[in-house]
Amino acid sequence: MPGIDKLPIEETLEDSPQTRSLLGVFEEDAAAISNYMNQLYQAMRRIYDAQNELSAATHLTSKLLKEYEKQRFPLGGDDEVMSSTLQQFSKVIDELSSCHAVLSTQLADAMMFPISQFKERDLKEILTLKEVFQIASNDHDAAINRYSRLSKKRENDKVKYEVTEDVYTSRKKQHQTMMHYFCALNTLQYKKKIAMLEPLLGYMQAQISFFKMGSENLNEQLEEFLANIGTSVQNVRREMDCEVETMQQTIEDLEVASDPLYLPDPDITKFPVHRNLTRKAGYLNARNKTGLVSSTWDRQFYFTQGGNLMNQARGDVAGGLAMDIDNCSVMAVDCEDRRYCFQITSFDGKKSSILQAESKKDYEEWICTINNISKQIYLSENPEEIAARVNQSALEAVTPSPSFQQRHESLRPIPQSRPTTARTSSSGSLGSESTTLATLSLDSLVAPDTPIQFDIISPVSEDQPGQAKNSGQGGKRTNPFGESGGRSKTETEDSILHQLFIVRFLGSMEVKSDDSPDVVYETMRQILAARAIHNIFRMTESHLLVTCDCLKLIDPQTQVTRLRFPLPNVVLYATHQESKRLFGFVLRTSGGRVESHPTSVCYIFESNNEGEKICDSVGLAKQIALHAELDRRASEKQKEIERVKEKQQKELNKQKQIEKDLEEQSRLIAASSRPNQTSGEGQFVVLSSSQSEESDLGEDGKKKKESEA
């Protein structure tokens with residue numbers, strides 16, 4: 001006979017939505033078989049019960065056999081063979097329906113027993129296994145929910161052991177019950193053939209034995225047909241026995257192999273983490289907010305498809321889009337009181353999802369897989385090979401090499417001279433390299449004993465020496481003259497340049513040199529290598545504000561300034577040579593680990609493919625600040641020249657006024673010394689008005705003026 005559809009017993013432990021959907025089809029088929037067999041049983045029961053109704057019962061049996069081809073069984077792979085066989089049976093039963101009067105004994109043994117046994121034993125076994133499986137599935141879901149709610153902060157070994165044992169027991173019970181249930185459903189596809197063919201065969205044999213004299217109806221052709229049907233039944237039985245034995249062996253092997261997987265959090269040493277995956281599927285708990293502070297967790301089946309993260313509820317035929325994870329960011333988060341939580345943020349930062357993995361292995365594999373997909377490695381011809389090479393490069397990056405030049409001589413040629421400026425654009429830093437730094441060791445670029453800071457210091461603790469004060473984030477300085485040392489808010493708002501970028505902080509460390517982009521490249525290499533080795537996936541997301549005065553890291557939720565970097569102190573900035581998502585800058589501070597000695601700290605960030613734009617904005621801000629400083633100096637110089645000219649003009653005016661006063665005093669003295677004479681005719685000499693006024697001053701006034709002169 002043609003092949004029969006089967007439920008995959010190997011996939012019972014995974015319990016995927018596709019398996020559940022296929023199980024629903026088999027359950028629907030079992031219900032249809034049960035319904036049909038009940039009707040066939042009632043028809044044959046009428047033959048057995050009532051002698052006077054034997055003719056009508058055989059006619060109904062023939063009618064039901066004819067209607068088999070109209071039945072719509074979900075698993076009807078061999079319906080044509082069965083339909084043709086049953087059609088031939090229906091014709092013979094129609095011819096013999098009037099001749100069967102007394103067949104009670106033969107029919108009880110040959111016809112009613114097989115179908116009764118199938119109905120009472122096999123169909124009831126399917127219903128019982130279905131109920132047991134449903135109970136085991138519900139117990140497993142409840143155990144998983146209790147395990148997912150285990151407290152992370154208040155961990156109780158006794159409670160954890162009880163919950164883990166509960167998960168182990170319920171998962172084992174569900175797996176075993178599901179495998180036996182699948183085996184019974186697969187066996188039902190064979191038993192339904194036997195249950196329909198054996199009663200008919202027994203019925204016909206009883207008719208042959210009863211009607212020995214009816215050889216005209218029971219010819220050799222019919223006997224040959226019945227013999228073929230008997231052979232087919234035996235073949236089906238043997239095939240069923242072989243399949244049952246194979247399925248039982250598969251169940252035993254899977255029980256042994258799956259025993260370690262019953263634990264919700266298997267040992268990582270026995271089941272290592274695969275970090276080179278570009279596809280993954282499994283159950284995750286997704287957080288859904290129901291209010292301002294309340295949230296619920298839903299367990300769904302998640303899988304990756306290209307650059308998309310899909311989710312699928314149990315019983316659904318297909319999945320739906322959960323999030324586009326191309327160029328996204330993924331990081332571990334502390335969420336409420338749950339373990340193994342991570343957050344996925346879309347490339348534009350507008351959508352984010354918090355998911356919880358079942359085990360640490362799944363937790364790390366999901367983060368690595370999504371990180372590989374976000375870099376669009378899946379678009380290449382050999383995605384897993386490229387992902388393995390990328391991860392291997394991150395691990396090999398911690399191995400010191402003889403010199404920085406030897407590591408990069410295959411990537412770009414060495415220029416003969418060093419540019420005078422550190423960075424004027426994003427392309428200028430990529431192509432510049434100092435011949436002096438090319439011959440230095442790694443210790444000349446990065447301080448060997450400096451620690452790596454993987455997170456941003458909160459504003460409360462920003463008064464640490466060498467960090468917050470040097471970054472311009474310390475407390476406001478006041479002097480005894482009432483002048484404020486910090487910049488006002490209006491100065492930042494009135495800045496010509498005001499650009500905002502979404503960045504994620506990777507780390508910072510102190511460096512020894514700040515005159516070549518190689519320092520930024522080496523710092524990127526060490527920070528990325530340290531993150532890969534220590535499995536650090538968490539990144540603090542911030543808004544980077546670029547103005548003509550400073551660079552600010554702002555909390556996207558509270559709009560609080562986390563760090564402030566004065567623009568004059570940013571002496572170097574560059575993007576990664578291969579990934580434009582990475583960029584960094586060097587901040588020169590006034591003090592650090594060595595007192596009263598300038599230090600340089602390199603900060604590394606990740607952006608959404610905007611590394612060159614950020615470096616261009618910083619370069620533009622420094623150019624604007626430079627031109628503004630030149631304009632300010634020119635303006636101050638012009639004001640100084642005007643003040644000098646004004647002072648000279650005041651001195652000249654003062655000198656002219658003194659000369660005028662001296663001239664007036666000389667004239668008054670000459671006028672006062674002239675005698676008052678009268679003419680010979682007795683007439684007086686007429687004086688001017690000024691002279692007449694001076695004459696009224698008297699002799700004392702004249703003496704006083706003479707003394708003053």
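Predicted model: local features only at pLDDT ≥ 70, side-chain atom pairs only at ≥ 80, totals over all residues.
Residues are numbered from 1 along each chain as its sequence is written, and side-chain values use heavy atoms, with hydrogens and water left out.

Helices (H or I, at least four residues) and strands (E, at least two) are DSSP runs numbered from the N terminus. Seven strands form an open sheet in the order β4-β3-β2-β1-β7-β6-β5, with antiparallel pairing; two strands are taken to pair if DSSP finds at least two bridges between them. Strands β4 (320-324) and β5 (329-332) stand at the edges with a single partner strand each, so one side of each has no neighbour in the sheet. From one strand to the next, the twist averages 40 degrees, where axes are lines fitted to C-alpha atoms, for helices over the stretch in contact, and angles run from 0 to 180 degrees between N-to-C directions. Strand β1 (residues 281-289) pairs with strand β7 (residues 352-356) in the antiparallel sense over 2 bridges. The bridge partner of A286 in β7 is L355. Helix α7 (residues 360-374) lies across β1, β2 (295-305), β3 (308-312), β5 and β6 (341-345), and runs at about 15 degrees to β6.

Helix α1 (residues 17-49) and helix α2 (residues 54-66) have axes that come within 7 Å and cross at roughly 155 degrees. The two helices α1 and α2 are therefore roughly antiparallel (angles under 35 degrees count as roughly parallel, over 145 as roughly antiparallel, 65 to 115 as roughly perpendicular and the rest as oblique). In their contact (heavy atoms within 4.5 Å), Y36, Q39, L40, A43, M44, R46 and I47 of α1 meet residues of α2 including L54, A56, L60 and L65. The residues of this contact divide into 11 nonpolar, 3 polar and 1 charged (Ala, Val, Leu, Ile, Met, Phe, Trp, Tyr, Cys and Pro count as nonpolar, Asp, Glu, Lys and Arg as charged, and the others, Gly among them, as polar).

Most residues other than glycine have a negative phi. N327, in the loop between β4 and β5, has a positive phi near 60 degrees. N327 is partly exposed, with a relative accessible area of 21% (buried means under 20%, exposed over 50%, partly exposed in between, with a 1.4 Å probe and protein chains only). Q376, also not a glycine, has a positive phi of about 60 degrees and lies in the loop between α7 and α8 (383-396). The relative accessible area of Q376 is 34%, which is partly exposed.
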